[in-house]
Amino acid sequence: MTQTHFTILDAPSDADLARCVHCGLCLNQCPTYRITGLETESPRGRLFLIRGFAEGTQQINAQFAEHIGLCLGCRNCETVCPSGVRFGHLLEAARGEMIAQKKIGRIERAARWIIFKQIFPHPARLNALAALIALYQRMGLQKILRASGALKLFGRIGALEALLPSRRVTTFRFRTSRVSEMEHGKQGALFTGCIMRAAFGDIHDATVNVLEQNDWRITAPTQQVCCGALHLHAGEREWAKELARQNIDAFARSKQNENSNDAPIIVNAAGCGAVLKEYGELLRNDPVYAQRAHEFSARVLDVSEALAQTPLANMRAQKLRVTYQEPCHLAHGQQIKKQPREILNQVPGIDFVEMTASDRCCGSAGIYNVLHPEIANVLIDEKMANIAATGAEVVVTGNIGCLLQLEYGKSRSGWTGRVMHLVELLDAAE
Ligand code: SF4
Ligand code: SF4
């Protein structure tokens, strides 16, 4: 097949489309196949549709949109595939094609424009939104509404509220004085992101504290923006590329800007890290940015990769039983599995227990839990049962989407432990 019906600039190659040998090894690793038992909700079934579209035997119609839309994008199928099928890339291309062919309605188009173009790329607007959520929490409205059960009356809006953090929302303010106070250390630049920066400043603070304790000298370029992961997963490829270019410029080497250099770019959100590591792929046809995008991606490290480079310093004992929920975009998107476990095992006093299927999606997957609660709730309930079975007092993870979904799962289950980001636990142990 050399003639493809894909119209997007970066259509999948023939080789990528032909890799699947239909062996079926991925089926039982796929959450949507396990729940529905349907071939059309499996990686193999979805690949059949995508290849059919490329060859001209399949239209992009409601059925295509349903099966491609129900995929979590968790990439668990990639980890087990013996043929090296790059499912995540094919899925993003299929969703990109749906957008390019304007296969979505006017209302959804408008909603996407507001969320993806008018909110996420603009730090000040995100700050305003975070301030409103903080006010809603401080006034006690969140507690009252949740306790009363009234949210059930508001349908999707109520479901969306249930996913707001119950932890206090704080906006990250990087103190440049910290850098000048440090005389030595390995240089690293923190990727602050969009929601993480606007609403989870405490996790960024913990990240900087832990890295500095471990001899990293951290800066945070001020011109950086959202990584574009939500845009890309939703098929908005051109908007994702705009953000990628802005980030490449923000982290570029510049003598004028001491926050910019060629130091590792350290990320504490697995979903962002997976996309940042793939900017080279995303911008491969860009005549100006292709090479720079590859160089940028080569600099990206998950915070667990950065911390695993040397033994952890100055750990205080923590008498805790801890288990670990693997973010899909860390375990399957970046193939990072051993570093977070090695790090947890270095904290004195921690009794680390593996849970069953820790690398299975928790159902968060961007805004999947709002769009497809029927699947997402099965996944999170199963996850909470696996956590409870370990007897753990703390579940640790490395992605904000998973963290919020686990907190939501906690509210649906009888488990009474704590949900923490890896760096929060380490910060508490220093
Ligand atoms: S494991 Fe890979 S080759 Fe086998 S059916 Fe799944 S995607 Fe195709
Ligand atoms: S990305 Fe996840 S949900 Fe989608 S086909 Fe692969 S395993 Fe299934």
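**Basis.** I am working from a predicted model, in which local features need pLDDT of at least 70, side-chain atom pairs count only at pLDDT 80 or more, and totals for chains, interfaces and linings use all residues. Residues are numbered from 1 along each chain as its sequence is written, while chains are lettered from A and ligands numbered from 1 in the order in which they are written.

**Ligand 1.** I looked up its surroundings first. There are 14 residues around ligand 1, and C20, C23, C26, C81 and S83 come nearest. I count a residue as near if its C-beta atom, placed from the backbone, lies within 6 Å of the molecule or strand. Helix 3 gives the most to this shell, three residues. Helices here are DSSP runs of H or I with at least four residues, strands are runs of E with at least two, and both are numbered from the N terminus. By class I find 10 nonpolar, three polar and one charged residue around ligand 1. Nonpolar means Ala, Val, Leu, Ile, Met, Phe, Trp, Tyr, Cys and Pro; charged means Asp, Glu, Lys and Arg; the others, Gly among them, are polar.

**Ligand 2.** Here I find a shell of 13 residues, with C30, P43, C71, C74 and C77 closest. Helix 2 (31-36), helix 3 (43-55) and helix 5 (76-80) each supply at least two of the shell residues. The classes are eight nonpolar, three polar and two charged.

What is the strand order in the open sheet of four strands? I read 2-1-3-4, with parallel pairing. Pairing takes at least two DSSP bridges between two strands. Strand 2 (216-219) and strand 4 (300-302) each have a single partner strand, so one side of each lacks a neighbour in the sheet. Neighbouring strands are turned by 40 degrees against each other on average, direction ignored. Helix 13 (residues 201-213) packs on the sheet and touches strand 1, strand 2 and strand 3. Contact means C-beta atoms, placed from the backbone, within 7 Å. The direction of helix 13 makes about 145 degrees with that of strand 2. Axes are lines fitted to C-alpha atoms, for helices over the stretch in contact, and angles run from 0 to 180 degrees between N-to-C directions.

I then checked the bridges. Strand 1 (residues 186-190) has two to strand 3 (residues 265-267), and L190 stands opposite I266. Four join strand 1 to strand 2, where A189 faces T219.

**Helix 9.** How many of its eight residues are buried? I get zero for residues 141-148. Buried means 20 or more other C-beta atoms, placed from the backbone, within 10 Å of the residue's own. Just after helix 9, G149 takes a positive phi of about 80 degrees.

Methods: Buried ≥ 20, exposed ≤ 12 C-beta atoms within 10 Å, placed from the backbone. Contact = placed C-beta atoms within 7 Å.
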